[in-house]
Every structure is written in structure tokens, then in C-alpha cells.
Amino acid sequence: MAAVTYTHTNVQAFPYPAQLYQWAGIAAAADTCNVLECPQLRDKSVQIAGTFSAVTIAIHGSNDGTNYSVLEEPDGTAITAIAADGIFQIGQLTRYVKVVPGGAAASAAITVSLLGATGRV
């Protein structure tokens with residue numbers, strides 16, 4: 001089990017800036033990803049890409065930092081058990097976002113990238 005920390009990049013996009021957070025090197029279902037506190041990100045998308053083997057990814061959110069629920073796209077589709085490359089729009093505004101690996105223990109190489117707008121959208 002490895003702890004996976006995120007990296008942060010400011011994206012200077014006109015007319016509103018954005019923030020990019022990436023968790024790279026998710027390799028096993030037992031990996032633990034650092035929680036991101038991001039209430040300033042009003043509009044968020046998440047890209048999940050890599051070699052999955054038997055590992056899946058879910059995106060959870062919380063407003064209290066203790067009780068987490070699976071986040072959904074605006075149409076109500078849960079962002080959970082993702083086992084293939086894709087980009088998903090996060091439909092809820094939460095204070096915390098957590099990347100949750102799952103599935104079978106395997107040798108994977110997954111990167112999760114969360115992009116959020118900090119200005120008006």
C-alpha cells in the first residue's frame with residue numbers, strides 16, 4: 001500500500017484561471033490518495049487514465065472531511081468503479097474530494113487529473 005500525493009499546477013486560462021491537481025502512480029487497489037480540500041473550485045472535471053489491470057477508481061466527496069459519498073456527473077451517473085480512460089464532470093460542489101482506488105490488487109499505473117475553475121463559469 002502506497003500513499004499517493006497530488007501535485008498542483010496553476011492554469012492561466014483566459015478569462016478565468018483554473019487549478020489542476022494530479023495523483024500519478026496509483027498502482028494498487030490498496031493505495032491511499034491524499035484528500036484535496038477545494039471548495040474554491042466551482043466547476044470540476046476529472047480525467048482518469050492509464051493501465052488499470054484489475055484496479056478501479058472512484059471519486060468521493062465530503063463537506064465535513066469525515067463522511068464521504070460517491071460523486072456523480074450532472075446526469076446522476078456515479079463516478080465509481082472506473083476501469084478505463086475517461087473524463088467525467090463532477091456535478092456536486094463539495095469541500096473535499098478524494099480519489100479512491102478499488103478492485104483487485106494488481107500492478108496498475110493510473111493518473112487521476114482534476115481540473116477546476118476558480119473564477120466565474
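Colleague: How many bridges join strand 7 to strand 8?

Modeller: In this predicted model, 2 bridges link strand 7, residues 55–62, with strand 8, and the two run antiparallel. In that pairing, G61 sits opposite S69 of strand 8.

Colleague: And which strands make up the open sheet they belong to?

Modeller: The sheet has 4 strands in the order 5-10-7-8, with antiparallel pairing. Strand 5 (36–37) and strand 8 (69–70) are the edge strands. Each has a single partner strand, so one side of each has no neighbour in the sheet.

Colleague: How many bridges do strand 7 and strand 10 have?

Modeller: Strand 7 and strand 10 pair over 8 bridges, in the antiparallel sense. There, V55 faces G103 in strand 10. Strand 5 pairs with strand 10 too, antiparallel and over 2 bridges. E37 is the residue opposite Y96 in that case.

Colleague: Back to strand 7. Is S62 buried or exposed?

Modeller: S62, which is part of strand 7, is buried, because its relative accessible area is 3% and the cut-off for buried is under 20%.

Colleague: What does the side chain of S62 make polar contacts with?

Modeller: One partner is the side chain of D64, in a polar contact of 2.9 Å. A polar atom of the S62 side chain also lies 2.9 Å from the backbone oxygen of N67. Leaving out neighbours within four places in sequence, S62 is in contact with N67, Y68, T94, R95 and Y96.

Colleague: Let's zoom out. How many helices and strands are there in the chain?

Modeller: The chain has 0 helices and 11 strands. Along the sequence, that reads β-β-β-β-β-β-β-β-β-β-β.

Colleague: What about the overall dimensions of the chain?

Modeller: Its C-alpha atoms fill a box of roughly 40 × 25 × 25 Å along the principal axes. The radius of gyration is 14 Å, which agrees with the value near 14 Å for a compact globule of 121 residues.

Colleague: What share of the residues is buried?

Modeller: Buried residues account for 38% of the 121 in the chain. The chain exposes about 6200 Å², and carbon and sulfur atoms supply 52% of that.

Colleague: And how about contacts between residues at least 24 apart in sequence?

Modeller: Take the contacts between residues at least 6 apart in sequence: 73% of them join residues at least 24 apart.

Colleague: Which residues touch the most other members of the largest nonpolar core?

Modeller: Those are W23, I26, I48, I59, I110 and V112, in a core of 25 residues. The elements giving two or more residues to this core are strand 3, strand 6 (43–51), strand 7, strand 9 (86–90), strand 10 (96–103) and strand 11.

Colleague: Pick I110, then. What does I110 touch?

Modeller: Not counting residues up to four places away in sequence, I110 touches W23, A24, G25, I26, I48, A49, G50, T51, F52, V55 and I57.

Colleague: Where is S113 found?

Modeller: S113 is in strand 11, residues 109–117. S113 counts as buried because its relative accessibility is 11%. Its side chain and that of Q22 are joined by a polar contact of 2.8 Å. Beyond four places in sequence, S113 touches L20, Y21, Q22, S45, V46 and Q47.

Colleague: New topic: where is D31?

Modeller: D31 is in the loop between strand 3 (18–26) and strand 4 (32–33). At 7% relative accessibility, D31 counts as buried. Setting aside residues up to four places away in sequence, D31 touches M1, A2, V4, G25, I26 and P101.

Colleague: How far is the C-alpha atom of D31 from that of V99?

Modeller: The separation is 9.9 Å, for two residues 68 apart along the chain.

Colleague: Last one: which residues have a positive phi without being glycine?

Modeller: S53 is one of them, with a phi of about 50 degrees. A81 has a positive phi too, near 55 degrees. Most residues other than glycine have a negative phi. S53 is in the loop between strand 6 and strand 7, and A81 is in the loop between strand 8 and strand 9.

Colleague: Is A81 buried or exposed?

Modeller: A81 is exposed, with a relative accessible area of 52%.

Notes:
Residues are numbered from 1 along each chain as its sequence is written. This is a predicted model: local features need pLDDT of at least 70, side-chain atom pairs count only at pLDDT 80 or more; totals for chains, interfaces and linings use all residues. Side-chain values use heavy atoms; hydrogens and water are left out. Buried means under 20% relative accessible area, exposed over 50%, partly exposed in between (1.4 Å probe, protein chains only). Contact means heavy atoms within 4.5 Å. Two strands pair if DSSP finds at least two bridges between them. A polar contact is a pair of N or O atoms within 3.5 Å; within protein, one must be able to donate a hydrogen and the other to accept it, and residues adjacent in sequence count only if both atoms are side-chain atoms. A nonpolar core is a set of buried Ala, Val, Leu, Ile, Met, Phe, Trp, Tyr and Cys residues joined through side-chain atoms within 4.5 Å. The radius of gyration is taken over C-alpha atoms; the globule rule is 2.2 Å times the number of residues to the power 0.38. Accessible areas come from the Shrake-Rupley method with a 1.4 Å probe; for residues, only the protein chains shown count as cover.
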